[in-house]
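Welcome! Have the sequence and the 3D view open, and try each exercise yourself before you read its solution.

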Amino acid sequence: MDQIAAMRVFIKVVEHQSFTRAAAQLGISVAMTSKLMQQLEESLSTRLLSRTTRQVNPTEAGQFYYQRSLALLAELEETHSQLTRNNQQPQGTLKLSVPMDFGYLHLSPALPLFRTRFPELKLEIEYSDRRVALVEEGFDLALRIGNLPDSSLVAKPLASMRLEVCASPDYLARRGNPRTPEDLKDHDCLIYTLTQPDWVFTRAGEQVSVRPQGPLRANNGVALTRAACDHQGIILQPTFIVGDALREGKLVSLLPEWDKGEVGLYALYPHRRFVSAKVRCFIEFVQERYLAPHYWDRPQP
């Protein structure tokens, strides 16, 4: 029995809770998968997997072996990379999940530079706001914006982006300029449905929460920004979406003495101790680009 191969198969079986799905991803037969798992358990004299008609789950010993296998294989791959591919570019395919708006507005324009730096690395990108299951769906890394739910994934902070309340000059000429957060209750607000319902403002220790009302609700910040530029109302959006419209004068920032908060950009990946070269180079690229001073306030290339 090839113990390294058996460990790789065991990891996939645990992650997919299925011999069939693990075999399909590895490109081997279900019979071979079952045989390797049986040989592995016999070699350890330990039951690693609990099988039912619906799924396969690790036993307590199996969970321990799974965690140790992840660490050992990652260390082996890292050692092999350092010894045999020193000074070479990351290779293979990097499968990413990125938010729709951020990916389209900011990541896509940066991809030619990334590809120039790492020509041997292929990218497979899903532009989506859905919460993907990284391990089960085979993603190496996800970029996420905003508050993150608790999970076993590593969440590495990459950048922070201000929130801005803004409207078009034509809208303000017609409806007036709000002077306080409470004034927003008398305005048409364009509401982003994927965040908390209240807009929160702080100033010198004072905090005010306003629940906006208005004629348009949507789950897409770019669409709401377009509506605001078309004089339909007031929006609360991060600078990575409204920055260009503010710089071009299509929108005007409101309530400047109030802090509207920030949203964070995070990299999510499964394993805490060892990070592959392809994941590491992408994280470093994103940090280099988006942590630059005033990135979100300047015209974008």
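**Before you start**

This is a predicted model, in which local features need pLDDT of at least 70 and side-chain atom pairs count only at pLDDT 80 or more, while totals for chains, interfaces and linings use all residues. Residues are numbered from 1 along each chain as its sequence is written, and side-chain values use heavy atoms, with hydrogens and water left out.

**Exercise 1. The overall picture**

Find out how many helices and strands the protein has, and what percentage of its residues is buried.

Solution. 
- Step 1: Begin with the secondary structure, which comes to 10 helices and 13 strands. Helices (H or I, at least four residues) and strands (E, at least two) are DSSP runs, numbered from the N terminus.
- Step 2: Turn to burial: of the 301 residues, 40% are buried. Buried means under 20% relative accessible area, exposed over 50%, and partly exposed in between (1.4 Å probe, protein chains only).
- Step 3: Finish with contacts (heavy atoms within 4.5 Å). Among those with a separation of 6 or more, 73% join residues 24 or more positions apart.

**Exercise 2. Salt bridges**

Locate the salt bridge partner of R117 and the one of D140, and say which elements hold the residues.

Solution. 
- Step 1: Recall the criterion: a side-chain nitrogen of Lys or Arg within 4 Å of a carboxyl oxygen of Asp or Glu. The whole structure has 13 such salt bridges.
- Step 2: R117 meets E288, with 2.6 Å from N to O. Because R117 is in helix α5 (residues 100–117) and E288 is in helix α10 (residues 277–290), the pair ties together parts 171 residues apart in sequence.
- Step 3: D140 meets K278, with 3.7 Å from N to O. This pair links distant parts of the chain, 138 residues apart: D140 is in the loop between α6 (134–137) and β5 (141–145), and K278 is in helix α10.

**Exercise 3. A pair at α7**

Which residue forms a salt bridge with D188?

Solution. 
- Step 1: The partner is R175, with 3.0 Å from N to O.
- Step 2: D188 sits in the loop between α7 (169–175) and β7 (189–192), and R175 sits in helix α7, so the pair ties together parts 13 residues apart in sequence.
- Step 3: D188 has a relative accessible area of 27% and is partly exposed; R175, at 33%, also counts as partly exposed.
- Step 4: Elsewhere, salt bridges with shared partners join E126, R130 and E137 into one network.

**Exercise 4. The neighbours of β7**

Is the pairing of β7 with β11 parallel or antiparallel?

Solution. 
- Step 1: Strands pair if DSSP finds at least two bridges between them.
- Step 2: β7 and β11 (residues 234–238) are parallel, with two bridges; C189 stands opposite I234 in β11.
- Step 3: β7 and β10 (residues 216–218) also pair in the parallel sense, over three bridges, and L190 has L216 as its bridge partner in β10.

**Exercise 5. The nonpolar core**

Which residues have the most contacts inside the largest nonpolar core?

Solution. 
- Step 1: A nonpolar core is a set of buried Ala, Val, Leu, Ile, Met, Phe, Trp, Tyr and Cys residues joined through side-chain atoms within 4.5 Å.
- Step 2: The largest core has 57 residues, and L265 and F282 have the most contacts inside it. Strand β6 (residues 154–167) gives the largest share, eight residues.
- Step 3: Leaving out residues up to four places away in sequence, L265 touches residues including F102, L143, L158 and V286.
- Step 4: A separate core of 19 residues includes V13, L36, Y65 and Y66.

**Exercise 6. Helix α9**

Which residues of helix α9 are buried, and which elements do they pack against?

Solution. 
- Step 1: In α9 (residues 239–247), the buried residues are T239, F240, I241, V242, G243 and A245.
- Step 2: These buried residues pack against α5, β5, β6, α8 (221–229) and β11.
- Step 3: After α9 comes G249, whose phi is positive, near 80°.
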